[in-house]
Amino acid sequence: ALAVPDKRVDSVCPYCGVGCQLTYNVKDNKIAFVEGRDGPANHARLCVKGRYGFDYAHHPHRLTVPLIRRADAPPKRGDFVMDPERVMEVFREASWDEALALAGGTLAAIRDTRGGRALAGFGSAKGSNEEAYLFQKLVRTGFGSNNVDHCTRLCHASSVAALLEGIGSGAVSNPVMDVTRAEVVIVIGANPTVNHPVAATWIKNAIGNGTKLVVIDPRRSELARSAHRYLQFKPDTDVALLNAMMHVIVAEGLVDREFIAGRTIGYAELEANVAGYSPELMAPICGIDADTIRYVARLYATSKASMILWGMGISQHIHGTDNARCLIALALMTGQIGRPGTGLHPLRGQNNVQGASDAGLIPMMFPDYQRVDNPAARAKFEQAWGATLDDRPGLTVVEIMHAIKRGEIRGMYIMGENPAMSDPDANHARESLAALEHLVVQDIFLTETAYLADVILPASAFPEKTGSFTNTDRLVQIGRQALEPPGQARQDLWIIEQMAVRLGLNWAYTHVSQVFDEMRRTMPSIGGITWERLERENAVTYPCTQEGDPGTPVVFTETFPRESGRARFVPADIIPADERPDAEYPMVLITGRQLEHWHTGSMTRRSAALDAIEPDPVALVHPLDLAALGGRPGDVVTLASRRGQVVLYARADDSSPRGAIFVPFCYYEAAINKLTNAALDPFGKIPEFKYCAVRVKLG
Ligand code: SF4
C-alpha cells in the first residue's frame, strides 16, 4: 500500500547542477516518495535520480557515531577493498567530545609546530553555501593558509579560469532555459541526457519548436539523435575544430564588427591566430570534413540567437582552458552573448559546485572571487573575520596530494568529498592520504577516503539539513530539512563550528541564516538576497546586489565585469594530450558518469532503484574493438594504464569511436581513476580525465 506521508517538505534535488525543486513526502522520519515542484529550472520535472535516488539517507551503512582509528588497526594502505560491514576492525566508537578533541587538537598541534601551510582542507560541492563558506573560513582563519579546494578543480576549473580571464565572471551568462529562446544551440563535450537530464528535456522542447541543435562530441550521446548536425570529432582535437570554425567566420566576414569594436579587446591577435587554421588543414586532424565545419560555423554565426553549452569533455584536458577560450572567442566574435537565447553555459556538475566556488571554497579566491593576493580584498576579509590572512594562493586538489608525498602537508580535514575515488591516478592519491599524520573525514558513509581517516565525524545527509544551494543558472535556492539525522550523526554546520572552536576560533553561529547574512555582507553578488526572501520565494538569481532587485538571469547585456568593461579574446593553439596511445597502451580511456549513478557512487549505489538498474562496473567498448579481442558483451575484461588496472564487465557500445573506451568512475570495486592521468592544465589546474592511454584484455 502507498504510504500516506505525515509531512511534506519542499527542497531541492541533491544531485546535479540543474537544481530541480522537489517535495519530500516523509513518513516516520523516512522519505516515502518524492515529487517534482514547479521550480524555475524544472517546472515539476525530475529525472530518475531526483525521483528515486533518496533512500541512501536510510541505508544501514550510514555512519551514526564518531569513530577513531584503533591503535591496533592495520597500517593504512592505499590498495584496500572497502567493506563497511567490517568497520569496527579498524575503528572504535567515540564520544563527540573525544573525537572533536582529537581531530581539532591534532590539526592545531600540526599548525602550531609546522605552520598553517602544513594543513589543507577539501570542502564539498554537495554541501550548502553556508557549509562551504564556513569551511573555507575555518581553513583560512583556523589553519592559517589558503590550502582549501573542492571538486570544482576536477570538473570546470579550466572553464572558470578562461571565463574569468575573458569575460570577468566564472559563472554562466544565460540560464539553461534560454535554449528555448535560441535559434541555434551548440552542445559540445557534454551529455546532458545522462548528466543534466531535465536540462536535456528543455533542449528537446526547444528542438520541437524549431531550434537547431548541433552536438559536437567524440561520443555520440543520446541527444545527438535529435541534432540538426552531429560532429563526431576525434578525441583531444577541440582546439583544431573550434579554431577552424573561427577561421571560417573571419574569412567569410561573419564577425560582428560593432560588438568587437565596442565591447572587446584583443581581436587582432585572435584573427591572426585563426588564419592558420583553415578547415581544409584541420579536417584530417579533427576528423570533420571542411564543408561541415563551414556549415556549422555559418549556422552559429548568422542565427539571431546562438547559445553554447559545454561540459567536461571540454574542461577535463590539459588544454581545457584553451578549449574554453575558443568557445568564448566564438561567442564574442559573433556577438552571440549578452542577449536572451545566446551566451555561454558551462553545465555545472554537482548540485552546489557553483555556490561552493562562489563561497570561496577555492585556494586562490576569497568569497565572490576576490583574490587572496589582492591587498584590498585581503584587508576586507581580515576586517570581516577579525584574523590575519595568508597572502599566498593555496594549493589545488592534485597539488595537495603531491605536497603530502613531499612531506609538506601533514594534516587534512575533508568534508563530504571522496578523493580516494575521484582524484586522478587514485593509487597515488590513496597513498598520499594514507601518508598523512592526521586525517579527519566528515561524511555520511565510510567512503574510500574515510577508511583512511584517523577520525571520522558522522554528518548529515542532504534531506537532514537546511541551507541554500546555487544551481548552474546562478539560481540561489533553499533546501529544507525533512529528516532528523540518524543516531549521533550531526548537521555539518554544527560539526564545522565545533572543529573551529577546537582550533581556537571563537565562533557561535546558532542558525544557518546567520551564516547566510554574514555571506551577503561580504559577497556583493548576493547582497540583495535576504534569508527571509529565500524562504519566501525559494529561488533568486544572482547578481542581486540590492534588496528588491529581482535578480539577473542574463548578464553582460551592456558591459563585462572586467576592469575595462570589455571582454578579452585569448587565442589558443593545439596542444596534444599529455599521454598519447602507443604500441603498449594502444587505446584511449574516457571517464565520466552514467544516468543512474552519481560521481563516486557513495549515494546512488546505496539507492535501491538506481543500483538495481546499474549494479556492476562496466567498460563501454566499441563492438568491433570487442570482437577484435575475441570478446562478447558481458565478458570480463582487464583495463590497464601505466598507473594501475581494474577488472570490469565489457558492454558493447558504438557511441564511442573505435579505439576509445568509456568507463564511469562510480564503481569502487573497479575504481577507474586508478588508471587516469594526473597531468594538469597549467591555468585551471584541472587533471586530464578525458584522455589517457590504456590497453584492454579479456579476463
Ligand atoms: Fe536532480 Fe539533476 Fe535529475 Fe534534476 S536533472 S532531478 S537536479 S539529478
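## Ser128 and its contacts

Ser128 touches Asn352, Gly467, Ser468 and Phe469, leaving out residues up to four places away in sequence; contact here means heavy atoms within 4.5 Å. Ser128 sits in the loop between β6 (119-122) and α3 (129-143), and at 1% relative accessibility Ser128 counts as buried. On this scale buried is under 20% relative accessible area, exposed is over 50%, and partly exposed is in between, with a 1.4 Å probe and protein chains only. Helices (H or I, at least four residues) and strands (E, at least two) are DSSP runs, numbered from the N terminus.

Keep in mind that this is a predicted model: local features need pLDDT of at least 70, side-chain atom pairs count only at pLDDT 80 or more, and totals for chains, interfaces and linings use all residues. Residues are numbered from 1 along each chain as its sequence is written, and side-chain values use heavy atoms, with hydrogens and water left out.

## Around the ligand

What surrounds the ligand? The shell is made of Cys13, Tyr15, Cys16, Gly19, Cys20, Leu46, Cys47, Lys49, Gly50, Pro197 and Val198, a residue being near a molecule if one of its heavy atoms lies within 4 Å of it. Two elements, α1 (48-52) and α7 (197-208), each give two or more residues to that shell. By class, the shell has eight nonpolar, two polar and one charged residues. In that count Ala, Val, Leu, Ile, Met, Phe, Trp, Tyr, Cys and Pro are nonpolar, Asp, Glu, Lys and Arg are charged, and the others, Gly among them, are polar.

The ligand sits in the largest cavity. "Sits in" means that more than half of its atoms lie within 2 Å of the grid points; a cavity is a set of points, on a 1 Å grid over the protein atoms alone, where a 1.4 Å probe fits but cannot get out.

The largest nonpolar core runs to 104 residues, and Tyr56, Leu138, Tyr413, Leu457 and Met499 have the most contacts inside it. A core of this kind is a set of buried Ala, Val, Leu, Ile, Met, Phe, Trp, Tyr and Cys residues joined through side-chain atoms within 4.5 Å. Take Leu457: not counting residues up to four places away in sequence, Leu457 touches Trp96, Ala99, Leu100, Val440, Val441, Gln442, Asp443, Ile495 and Met499. Apart from this core lies another, of 56 residues, including Cys286, Ile288, Trp310 and Phe556.

Trp96 is worth a look from its own side. Trp96 is found in helix α2 (residues 96-114) and is buried, with a relative accessible area of 9%. With neighbours within four places in sequence set aside, Trp96 is in contact with Pro66, Leu457, Pro458, Gln488, Arg490, Trp494 and Ile495.

Is Arg257 buried or exposed? Arg257 is exposed, at a relative accessible area of 52%. Arg257 belongs to helix α9 (residues 257-263), and beyond neighbours within four places in sequence, Arg257 is in contact with Tyr267 and Glu271.

Arg643 is buried, with a relative accessible area of 19%, and lies in the loop between β25 (636-641) and β26 (644-652). Leaving aside neighbours within four places in sequence, Arg643 is in contact with Asp425, Asn427, Glu579, Lys674, Leu675, Thr676, Asn677 and Cys692. Arg643 and Asn427 are 216 residues apart in sequence, yet 7.7 Å apart in space, C-alpha to C-alpha.

## A buried histidine

His597 is found in the loop between β23 (587-592) and α23 (608-613), and counts as buried at 1% relative accessibility. Not counting residues up to four places away in sequence, His597 touches Thr604, Arg605, Leu610, Asp611, Glu614, Cys666 and Tyr667.

Most residues other than glycine have a negative phi, and most peptide bonds are trans. Ala44 has a positive phi of about 80° although it is not a glycine. Ala44 is in the loop between β3 (30-36) and α1 and is partly exposed, with a relative accessible area of 34%. Asp368 also has a positive phi, near 65°; Asp368 is in the loop between β14 (365-366) and β15 (370-371) and is buried, at 16% relative accessible area.

Then there's the peptide bond from Tyr542 to Pro543, which is cis, with omega near 0°. Pro543 is found in the loop between β21 (539-541) and β22 (567-568).

How values were computed:
On a 1 Å grid over the protein atoms alone, a cavity is a set of points where a 1.4 Å probe fits but cannot get out, and a pocket is an open set with protein on both sides within 12 Å along at least five of seven lines; lining residues have an atom within 4 Å of a point.
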